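Please open the model in your viewer and keep the selection panel handy. We will go from stop to stop together.

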Amino acid sequence: MNIKDISLSEGTHIVILGAGASIASALRNPEKHHLNLPSMNDLSEVCGLDDVLCDFPQELICNNFEATYSNLVEYAPDDYKIGIIND
């Protein structure tokens, strides 16, 4: 939401910073294989990890994958499914 326009003699440039920058840039220039780029909020869905995550207690699963992963590693660091996620 904090977008700053910088006017130069040749035109305007917009700089996008943050986790959604790749997704935002793919709106104009789609990924060459037309695949969805994941964000932390939909990474498990886009990368096909929902079936792996459903085996863990649901209270460990968050909207943000980074938080979910931290919970899982703390809960069961030696679980083979963590290896599947890492791969």
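Buried means under 20% relative accessible area, exposed means over 50%, and partly exposed lies in between, with a 1.4 Å probe and protein chains only. This is a predicted model, in which local features need pLDDT of at least 70 and side-chain atom pairs count only at pLDDT 80 or more, while totals for chains, interfaces and linings use all residues. Residues are numbered from 1 along each chain as its sequence is written, and side-chain values use heavy atoms, with hydrogens and water left out.

**Stop one: Lys-81**

Select Lys-81, which counts as buried at 11% relative accessibility. A salt bridge here is a side-chain nitrogen of Lys or Arg within 4 Å of a carboxyl oxygen of Asp or Glu, and the structure holds one. Asp-79 is partly exposed, at 22% relative accessible area.

Next, show Phe-56: the charged end of Lys-81 sits over its ring, 4.8 Å from the centre. For this, NZ of Lys or CZ of Arg must be within 6 Å of the ring centre and within 35 degrees of the ring normal.

**Stop two: helix α4**

Select residues 65-75, helix α4. Helices (H or I, at least four residues) and strands (E, at least two) are DSSP runs, numbered from the N terminus. Which residues of α4 are buried? Colour Phe-65, Thr-68 and Leu-72. They lie on the same side of α4, because they cover an arc of only 60° around the axis, taken from the directions from the helix axis to the C-beta atoms. Among the elements covering these buried residues are α2 (43-46), α3 (50-53) and α5 (80-86), counting contact as heavy atoms within 4.5 Å. On the face turned away, look for the exposed residues Glu-66 and Glu-74.

**Stop three: an aromatic pair**

The structure holds one aromatic pair. Phe-65 and Tyr-69 have ring centres 6.2 Å apart and planes at 35°, so the pair is tilted. Rings of Phe, Tyr and Trp (its six-membered ring) pair if their centres lie within 6.5 Å; planes under 30 degrees apart count as stacked, over 60 as edge-to-face and the rest as tilted. Phe-65 and Tyr-69 are four residues apart in α4, about one helical turn. Phe-65 is buried at 11%, whereas Tyr-69 is partly exposed at 26%.

**Last stop: His-34**

Go to the loop between α1 (21-28) and α2 and select His-34. His-34 has a positive phi of about 60° although it is not a glycine. Most residues other than glycine have a negative phi. His-34 is exposed, with a relative accessible area of 66%.
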